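Hi everyone, thanks for coming. I'd like to walk you through one model today, so please have a look at the screen while I talk.

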Amino acid sequence: MKIILILLLVVLALFCVYLLLLAARHGKTTMAELKKFRYAHRGYHDKPQIPENSMAAFRRAVEHGFGAELDVHLLKDGTLAVMHDSSLLRTAGADVQIEDLTRGELAQYRLEGTAEPVPLLDEVLALFEDKTPLIIELKTARGNHLALSRAVCDRLGSYRGRFCIESFDPFALMDVKKLRPDFCRGQLSMDFEKEHAGLPFYKRLIVTNLLLNFLTRPDFIAYKFEDRHKLSPRLCQALWRAQPVSWTIRTKQDLLACEREGAIPIFERFDPET
C-alpha cells in the first residue's frame, strides 16, 4: 500500500510539473484587437493567378478586410524577405536557399510562373500599417534564430500597425521575449507524432506538447486545426488562458467551428464571406 501511495504521489508531482511547463502569458491587450479579424494564410492568394506570400495576395487581403499571416526569412545581407520555404524550388523554380541570397539576387526571381517578385517585409508592412493586422511567422534556418529575431524586432519597433509574432522555433520566441517583451508572441505547433517533419523523437515530444512554454511564455498557441484536441494545447488554454489560433482552415464549416471555440482562424483556398 505504501508503494502504491508513493507512486501516486510521484505521478501527481510529475503531472504538476507538466502543467507548469505549459505556462503562458494572459492579458495582453493586443490579443483583443487581433481577435476581431480573420487571417488569410500567406495572404489571400488565388492560385495560379495570385501566388502565396505575394504583394497581390496581401493587397487582396486588405481589400477584403482580412488580416494576413506571412513568413519571414533573413537574407545573407540582413534583408528581411517574405517566403514560406527556405528553398525557392517550389515557389520560384530555383534550387537555391533564400538565406544564401542578397536583396539584389532575390529580386531576379518570380513567384509561381507569374510576374510577382518575392516581397520584402518592409513592403508588406507599408501596405498593412494603417489597415488590418499581421501574424508574422519567424522562419529560422541554420541556427539563425537570434539574428532573425533581432532583425524583425528592430524593424517592428517603429511599426505603427497591429501585429503579433509566432514561430515553431521556441528559441526564436525566447529571443523575442528577451528583446521585446512587450510584443505579442505565439507558439506554433501541431501533432508531430503524426507528421515527423524529420525531427528526432525528443524534439517531437517537446514541440507537440508545448513543453518549453515556461521559457517562451506565449500569449497564444497557434495549433493545427485538425490536431487542436491534443491534451497540451487544451490544458494551456484552460489553465493558463492562452488564446487559441487555428491553422489552416480550408472550409466554411471548419471556420465556423473554429470561431465557436473562440479561436482566431487562419484560412486559405476559399471565400470565408460566402
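Let's start with arginine 42, which sits in the loop between strand 1 and helix 3. Helices here are DSSP runs of H or I with at least four residues, strands are runs of E with at least two, and both are numbered from the N terminus. Arginine 42 is not a glycine, yet its phi is positive, at about 60°. Most residues other than glycine have a negative phi, and most peptide bonds are trans. Is arginine 42 buried or exposed? Arginine 42 is buried, with a relative accessible area of 13%. For the cut-offs, buried means under 20% relative accessible area, exposed means over 50%, and partly exposed is in between, with a 1.4 Å probe and protein chains only.

A word on where this comes from: the model is predicted, so local features need pLDDT of at least 70 and side-chain atom pairs count only at pLDDT 80 or more, while totals for chains, interfaces and linings use all residues. Residues are numbered from 1 along each chain as its sequence is written, and side-chain values use heavy atoms, leaving out hydrogens and water.

Back to the backbone. Arginine 241 also has a positive phi of about 60° without being a glycine. Arginine 241 lies in the loop between helix 11 (231-240) and strand 8, and at 53% relative accessibility it counts as exposed.

Which residues are joined by cis peptide bonds? Another cis bond joins tryptophan 247 and threonine 248, with omega about -20°. Threonine 248 is in strand 8, residues 243-249.

Now, helix 6. Covering residues 121-128, helix 6 has Leu121, Val124, Leu125, Leu127 and Phe128 as its buried residues. Looking down the axis of helix 6, we see these fall within an arc of 160°, so they line one face of the helix; the arc is that of the directions from the helix axis to the C-beta atoms. What do they pack against? Their partners are helix 3 (55-63), strand 2 (67-74), strand 3 (80-82), strand 4 (134-138) and helix 7 (145-156).

Helix 7 is also the place of cysteine 153, which counts as buried at 2% relative accessibility. Leaving aside neighbours within four places in sequence, cysteine 153 is in contact (heavy atoms within 4.5 Å) with Val176, Leu179, Arg180 and Phe183. The C-alpha atoms of cysteine 153 and valine 176 are 7.1 Å apart, though 23 residues separate the two along the chain.

Let me zoom out to finish. The chain has 12 helices and 9 strands, and 53% of its 274 residues count as buried. Among contacts between residues at least 6 apart in sequence, 61% join residues at least 24 apart. The C-alpha atoms fill a box of roughly 75 × 40 × 35 Å along the principal axes. As for the radius of gyration, a compact globule of 274 residues would have one near 19 Å, and the chain agrees at 19 Å; the radius is taken over C-alpha atoms, and the globule rule is 2.2 Å times the number of residues to the power 0.38.

Thanks, and I'm happy to go back to any of these spots.
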